[in-house]
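Here is a short briefing for a first look at this structure. Keep the model open while you read.

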Amino acid sequence: MYKYLFGPVPSRRLGISLGIDLVPSKVCSMNCIYCEVGKTTRLTDQRLQYVPVDKVISELRDYLTPEPKLDYITFSGAGEPTLNSGIGDVIKFLKLEFPQYKLALLTNSTLLTILDIHQELLPLDVIIPSLDAVSENIFQKINRPVAGIKAQDIIEGLIKFNKQFTGELWLEIFIVPGINDADDEIRKFKHIITRIKPDKVQLNTLDRPGTEPWVNSVEDKDLLRIVKSFKPVFVEYTYKKKPRSLIDSFKQEISDTILEILKRRLCTDQDLSQILNLHINDVNKYLSELLSKDLTDSELKSRGRFFYIKK
Ligand code: SF4
């Protein structure tokens, strides 16, 4: 029914979260090795109206007029939302016409290097920017950004942004074992965190298979080591453990339907998205839950990652 809205998704961090997707899959300024929505097909830092903002606004007006119960409206999707040059207009619209809803943005932080964009994002309630490395070589290895994007510029952008931002900034660090989890890098992170001054740090790790099949999830003992090293910075990581099925917006019937489909044939997340007419991010949340319950598994083939029922 909606083209640019999805969910509400059962989000571990944001509860009942209505997603807004401002870029088609998959336009991004990075091509992260762990990306759970597949390879970036258009690697760019060019800001454009990748999807028409007037149509996004009209969908939002239609969806929000009956005042549904939501914890957040979140700019996320299968790419980098700030690449859409109209994001500021959507934020303005929501703050003006539906001020009762809290707005969140998940961003890879690359565009925070552009000071003009800060003004567009300042009305947000929560921003969850990623920073996966402080050292340039590690940053390039994990995030594989558009040429010219540097970790140091992103860090300076985050520091400047948070000096003016009155909402909450939750800094997300995706830990890739063997790449950015060494003590030396964690020490550098700690120093940088004291300069960015986030309200909290969220450690993230692989939830379902990433773009590169060799990327693994971090073990609990290493997460604990990192959390200890970051002290006294407040680090959240246990949210990963909360089963999505306990979140209000989790729909058991969708999970059951996915299992039924997978019983008949192997499918990629894109296949399931088309069959169920569900946004790819929605599909992936349910696939994560099924993987964590050990009900499904996946295999990388030439057309992408296929999910199947575990015997
Ligand atoms: S993880 Fe985010 S920033 Fe990285 S490639 Fe995927 S969508 Fe882009």
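In the contact between α6 and α7, D183, I186 and K190 of α6 meet I226, S229 and F230 of α7. Those residues divide into 3 nonpolar, 1 polar and 2 charged. The model is a predicted one.

**Helix pair α6 and α7**

- The two helices pack at an angle of about 40 degrees. Their axes are 9 Å apart.
- An angle between 35 and 65 degrees counts as oblique, and α6 and α7 are therefore oblique to each other.
- α6 and α7 make a right-handed crossing.
- Helix α6 covers residues 183-196, and helix α7 covers residues 220-230.

**Helix pair α1 and α2**

- Helices α1 and α2 pack with their axes 10 Å apart, at an angle of about 25 degrees.
- Angles under 35 degrees count as roughly parallel, so α1 and α2 are roughly parallel to each other.
- The crossing of α1 and α2 is right-handed.
- From α1, the residues V53, V56, I57 and L60 take part. They meet D89, V90, F93 and L94 of α2.
- This contact of α1 with α2 holds 7 nonpolar residues, no polar ones and 1 charged.

**Helix pair α9 and α10**

- Helix α9 spans residues 269-276, and helix α10 spans residues 280-292.
- Their axes lie 9 Å apart, and the packing angle is about 115 degrees.
- Angles of 65 to 115 degrees count as roughly perpendicular, so α9 and α10 are roughly perpendicular to each other.
- α9 passes α10 in a right-handed crossing.
- On the α9 side, the contact is made by D269, Q270, L272, S273 and L276. On the α10 side, I280, V283, N284 and L287 make it.
- The residues of the contact of α9 with α10 divide into 5 nonpolar, 3 polar and 1 charged.

**The buried side of α2**

- Helix α2 runs over residues 87-97. Its residues I87, V90, I91 and L94 are buried.
- These four cover an arc of only 100 degrees around the axis, which puts them on the same side of α2.
- An α-helix has 3.6 residues a turn, so residues three or four places apart point the same way.
- What covers the buried residues of α2? The cover includes the strands β2 (15-21), β5 (72-76) and β6 (103-107). It also includes the helices α1 (53-64) and α3 (115-121).
- V90 and L94, two of the buried residues, are also among the α2 residues that meet α1.

**N162 in α5**

- N162 lies in helix α5, which covers residues 151-164.
- Is N162 buried or exposed? N162 has 21 other C-beta atoms within 10 Å, so it is buried; the cut-off is 20 or more.
- Leaving out residues up to four places away in sequence, N162 touches L169, I196 and K197.
- N162 and F75 are 87 residues apart in sequence. In space they are 18 Å apart, C-alpha to C-alpha.

**Positive phi angles**

- Most residues other than glycine have a negative phi, and most peptide bonds are trans.
- S109 is not a glycine, yet its phi is positive, about 75 degrees.
- The loop between β6 and α3 holds S109.
- S109 counts as buried because it has 27 C-beta neighbours inside 10 Å.
- K197 also has a positive phi, near 60 degrees.
- K197 is found in the loop between α6 and β9 (200-204).
- With 13 other C-beta atoms within 10 Å, K197 is partly exposed. K197 is one of the residues that N162 touches.

**Cis peptide bonds**

- Which peptide bond has omega near -5 degrees? The bond from S25 to K26 does, and it is cis.
- K26 is found in the loop between β2 and β3 (27-28).
- A cis peptide bond also joins K231 and P232, with omega about 10 degrees.
- P232 is found in the loop between α7 and β10 (235-236).

Methods
Residues numbered from 1 in each chain as written. Predicted model: local features only at pLDDT ≥ 70, side-chain atom pairs only at ≥ 80, totals over all residues. Buried ≥ 20, exposed ≤ 12 C-beta atoms within 10 Å, placed from the backbone. Arc of directions from axis to C-beta. Contact = placed C-beta atoms within 7 Å. Axes fitted to C-alpha atoms, helices over the stretch in contact; angles between N-to-C directions. Parallel < 35°, antiparallel > 145°, perpendicular 65-115°, else oblique. Left-handed = near helix turned anticlockwise from the far one by under 90°. Nonpolar A, V, L, I, M, F, W, Y, C, P; charged D, E, K, R; others polar.
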